[in-house]
Amino acid sequence: MNLADIADAVKSYHPNADLDIIWGAYIYSAKAHQNQHRRSGAAYISHPLEVAFNLTRLRVDEQTIAAGLLHDTIEDTLLTAEELRRFFGEEIYRLVEGVTKISQIQFSSKEESQAENYRKMILAMSEDIRVVLIKLADRAHNIKTLGSLNSDDQQRIARETLDIFVPIANRLGIGWMKDELEDGAFMYMMPDEHESIRVELASGQNLRESYVEKVRAILENELMASGITGKVVGRSKHLYGIHKKMEQQGIKFDDLYDLTGLRILTTSLKDCYAVLGQVHSLWKPIPGRFKDYIAMPKPNLYQSLHTAVIGPEGERVEVQIRTETMHRVCEEGIAAHWQYKEGKKLKNQSMDQQLTWVRHLLETHKELKNPKEFISSFKVDLFSKEVYVFTPEGRVIPLQRGSTPVDFAYAVHTDIGDHCAAAKVNGKIVSLQYKLKNGDRVEIKTTKTQKPNRHWLSFVKTSKARGKILHFINSVEKEKSLSLGMALLHKSLAEYEVDPSEFLQGKVFDETLRSSGFANLESLVRNIGLGKVSTHQLIDKFLPREKN
């Protein structure tokens with residue numbers, strides 16, 4: 001890969017791009033990485049170039065390409081963040097800084113719930129979605145170069161890719177990147193299964209290609225005869241997709257019936273349905289295999305018609321039908337909504353919708369079941385109210401935005417919250433009122449003498465912390481009020497020369513207690529301690545007039 005290829009790719013979709021920014025970033029990156037090499041022995045600059053080229057496939061602007069070329073300079077070279085800001089301005093600096101922050105996250109947990117939190121945190125940390133695109137482009141190249149690493153690193157990066165980055169690429173709708181990341185990780189996570197499927201595919205490749213070409217010619221002739229403008233292309237499943245299908249359905253490779261597939265691209269929505277009718281009139285459709293993702297798009301805005309038919313020679317054939325615009329969205333995802341005019345990048349309404357969805361609706365890798373669920377979830381603002389921080393062990397703790405170290409302490413364990421005496425954030429001592437930020441690593445110092453206090457209620461955010469603090473305070477106040485109330489009552493009884501053991505027992509006392517609205521002696525004594533009941537008035541009710 002060289003910079004001329006990248007520049008040509010940018011000009012193909014953004015003719016008025018300022019290529020000087022890209023050339024400048026390349027020169028700066030080449031100098032910064034001078035004499036550095038990848039584990040494979042290749043010059044390090046080859047990696048930023050591959051990342052930048054991946055970004056051109058997402059049709060991003062020149063600032064993002066430049067940031068892709070510079071993405072490792074803060075972390076891996078002697079050049080400083082201030083130099084980067086001075087040379088390239090605030091926008092590119094912020095993009096590089098964002099990628100650096102994501103790169104510093106340690107993905108230590110393999111639990112599904114933790115992986116979900118990591119995915120949410122990555123997007124929550126990224127005020128600019130382009131940061132995530134750069135990180136995905138970076139991972140898309142790194143996954144192809146794992147061969148030079150040791151086995152442990154290969155397994156770790158492959159697992160991290162499947163758990164964290166594949167679902168993000170899928171949610172952003174970037175089909176080609178999702179497939180490449182999955183296949184790259186699959187090769188190292190399950191090398192035997194990967195090789196087995198690769199060999200099986202290769203053995204019948206010529207026959208499948210010949211068959212696809214035959215079906216493609218029939219469909220093209222049919223479209224031409226009907227006066228419909230369209231393009232028919234063969235479509236092959238990627239290796240990890242085949243593996244997942246075999247696993248989910250519990251079948252062997254020989255039992256797969258949808259390895260043969262075609263995709264028909266039309267120029268209009270109306271033509272999609274017209275072509276569907278032609279396909280079904282040519283060959284018998286397989287019941288239950290038709291899906292209309294045009295009328296009911298997937299949550300990541302994917303649109304297409306899917307059907308399966310019994311084609312020539314009795315072979316099952318999967319057919320996808322979509323417009324050229326839909327295909328761009330399927331392949332490029334979020335980037336398909338970027339438009340360029342007169343040297344400026346414009347966002348259309350769909351882009352605004354997509355960005356809102358990405359920032360506020362990233363959920364688990366499980367698909368929402370129907371459009372109603374999507375619309376419902378679309379109205380819920382998840383990220384604006386959450387912040388994601390780390391324990392010292394690397395576990396992610398989701399908290400309400402504006403939370404403090406005290407909120408964090410109670411989220412980890414009630415005892416830690418109750419005895420929270422001090423806090424460190426990213427290695428530095430901070431106030432207990434410090435507002436936590438996404439990606440902060442929080443460490444709590446506890447002491448046995450520390451107890452919750454009422455002042456904490458003025459700054460904690462989470463309901464759990466507030467509830468635990470109030471519970472503790474109420475418990476302490478209850479004990480104090482009981483102790484004080486009993487002391488006051490005994491003192492007053494002594495003034496009247498009354499024996500407490502005689503006064504606090506008997507039918508008369510019980511009846512007067514109930515008539516005064518107290519359920520038991522404890523309730524009465526507590527109210528005395530709180531100053532709500534006068535001991536003298538109480539004693540007056542019990543003692544005979546002559547005794548008074």
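Good morning. The model is predicted, so local features are taken only at pLDDT of at least 70 and side-chain atom pairs only at pLDDT 80 or more, while totals for chains, interfaces and linings use all residues. Residues are numbered from 1 along each chain as its sequence is written, and side-chain values use heavy atoms, with hydrogens and water left out.

Let me begin with strand S5, residues 305–310. Helices (H or I, at least four residues) and strands (E, at least two) are DSSP runs, numbered from the N terminus. Five of the six residues of S5 are buried, so the strand is largely enclosed by the rest of the structure; buried means under 20% relative accessible area, exposed over 50%, and partly exposed in between, with a 1.4 Å probe and protein chains only.

Which strands pair with S5? Two strands pair if DSSP finds at least two bridges between them. Strand S3, residues 284–285, runs antiparallel to S5 and is joined to it by two bridges, with Lys284 opposite Ile310. Strand S4, residues 291–292, is also antiparallel to S5, over two bridges, and here Lys291 stands opposite His306. With strand S6, residues 316–323, S5 forms six bridges, again in the antiparallel sense. Ile310 stands opposite Arg316 in that pairing. S5 and S6 make a hairpin with five residues between them, and Glu313 in the turn has a positive phi of about 65 degrees.

After H13 comes Gly250, with a positive phi near 60 degrees.

I turn now to a helix pair. The axes of helix H2 (residues 19–32) and helix H4 (residues 62–70) come within 8 Å and cross at roughly 5 degrees. That makes the two helices roughly parallel, a term for angles under 35 degrees, where over 145 is roughly antiparallel, 65 to 115 roughly perpendicular and the rest oblique. Axes are lines fitted to C-alpha atoms, for helices over the stretch in contact, and angles run from 0 to 180 degrees between N-to-C directions. In H2, Ile21, Ile22, Ala25, Tyr26, Tyr28 and Ser29 meet Glu62, Gln63, Ile65, Ala66, Leu69 and Leu70 of H4; contact means heavy atoms within 4.5 Å.

Next, a sheet. Three strands form an open, antiparallel sheet in the order S12-S11-S13. Strands S12 (428–430) and S13 (442–446) stand at the edges with a single partner strand each, so one side of each has no neighbour in the sheet. On average, neighbouring strands are turned by 35 degrees against each other, direction ignored. S11, residues 420–425, pairs with S12 over three bridges, and Val425 stands opposite Lys428. Helix H18, residues 405–412, packs on this sheet, touching S11, S12 and S13, and its direction makes about 80 degrees with that of S13.

Finally, the cores. A nonpolar core is a set of buried Ala, Val, Leu, Ile, Met, Phe, Trp, Tyr and Cys residues joined through side-chain atoms within 4.5 Å. The largest has 68 residues, of which Leu55, Ile65, Leu136 and Leu181 touch the most other members. Apart from this core lies another, of 23 residues, among them Val389, Val460, Ala465 and Ile469.
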